[in-house]
Amino acid sequence: YAKMATVSLGFNIDSPRWDQSTFVGRLKHFLNITDPRTVLVPEEELDRAKALVEGCRAGLVPPGSSQEQLLYAKKLYDSAFHPDSGEKMNFIGRMSFQVPGGMAITGCMLQFYRTVPAVVFWQWVNQSFNAFVNYTNRNAASPISLRQIGVAYVTATGAALATAVGLNLYTKRAPPLLARWVPFAAVAAANCVNIPMMRQQEIINGITVTDENNNELGRSRRAAVKGITQVVLSRITMAAPGMIILPIIMERLEKFTFMQRIRVLHGPLQVLLCGGFLLFMVPAACALFPQRCSLALADLEVELRDSIVAKHGDKVPYVYFNKGL
């Protein structure tokens, strides 16, 4: 690390660098922590970053540390460690792996859409990848059993395959462009199943909600439903531009003679173009809604609302919770 200005007085490493109440502020935040280059950072450096962040939280900043050094450590920490548990996430499930992982799988889904076996294989690969991502980015305060993970995985994969194969057969006589959009329809349908199923414990038992100062107030199922709904919308938005616009681009490109001569390169080209879309859409989709989600007191379950009012009166108009990603 280059030694730059020393840490300013009152520096809070957990204070957001950008305003998280605005989309632009959240976009800058997620552009920072979903940077795919962080996937290549060695495990030892990630562990050092975690130690530095935790030391800073405890007021133990190493002598000579610069503010830039601490901010970079926080970037690595946010990219690799779960915000609830502080545990290191598997690299496949990290949002910083969405660009390299998603571009390869999405590109192949868009390229190999013509035959049922190809559709089945790539939808299965995609749902396996999604299962890792959804489990990794769940609200960690709500544990889920291996059996529930298995049921969620099988259900979501089944939904994706049923949608993809059904639409694939239905569009055999339709315009070619419609067939190219089948993978997106399957991905959207699977997200509507995969994420709620993988995070079903949150819906069943509720998730922890806090006041503005992070004091726990209880558990809410309605908060879980709101958070999961926002995550589903974000994931569909993340995939939409690449899986809707790219087929239009390829449909037109493939009419040119030079493209017909290099058919073997169509797959790699789609993978690269998917990467271009995801490079922006991963942080943009994550930024659609605040990660620290809020819910009005009036919208909570009656029992929880009455409990909060009995203890705090009208001092808690909103509750807050981590919606996951």
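1. Basis. The model is predicted, with local features requiring pLDDT of at least 70 and side-chain atom pairs counted only at pLDDT 80 or more, while totals for chains, interfaces and linings use all residues. Residues are numbered from 1 along each chain as its sequence is written, and side-chain values use heavy atoms, leaving out hydrogens and water.

2. Domain 1 puts 12 residues into the contact and domain 2 puts in 14 residues, where contact means heavy atoms within 4.5 Å.

3. Domain interface. About 970 Å² is buried between domain 1 and domain 2, and carbon and sulfur atoms give 75% of that area. Buried area is the accessible area (1.4 Å probe) that two parts lose on being put together, summed over both.

4. α2 with α3. Helix α2 (residues 43–57) packs on helix α3 (residues 67–80) at about 115°, the axes being 8 Å apart. Helices are DSSP runs (H or I, at least four residues) numbered from the N terminus; axes are lines fitted to C-alpha atoms over the stretch in contact, with angles from 0 to 180 degrees between N-to-C directions. The angle makes α2 roughly perpendicular to α3 (65 to 115 degrees). α2 passes α3 in a left-handed crossing, that is, with the near helix turned anticlockwise from the far one by less than a right angle.

5. Residues between α2 and α3. On α2 the contact is made by E45, L46, A49, K50, L52, V53, C56 and R57, and on α3 by Q69, L70, Y72, A73, K74, L76, Y77 and A80. These residues divide into 11 nonpolar, one polar and four charged (nonpolar: Ala, Val, Leu, Ile, Met, Phe, Trp, Tyr, Cys and Pro; charged: Asp, Glu, Lys and Arg; polar: the others, Gly among them).

6. α1 with α3. Helix α1 (residues 23–33) and α3 pack at about 85°, with axes 8 Å apart. α1 is therefore roughly perpendicular to α3. H29, N32 and I33 of α1 meet K75, D78 and S79 of α3, giving one nonpolar, three polar and two charged residues.

7. α5 with α8. The axes of helix α5 (residues 116–136) and helix α8 (residues 182–198) come within 10 Å and cross at roughly 35°. The crossing of α5 past α8 is right-handed (clockwise). Among the contact residues are N126, N130 and N134 of α5 and A186, A190 and N194 of α8. The contact has eight nonpolar, seven polar and no charged residues.

Technical notes
Helix = DSSP H or I, 4+ residues; strand = E, 2+ residues; numbered from the N terminus. Parallel < 35°, antiparallel > 145°, perpendicular 65-115°, else oblique.
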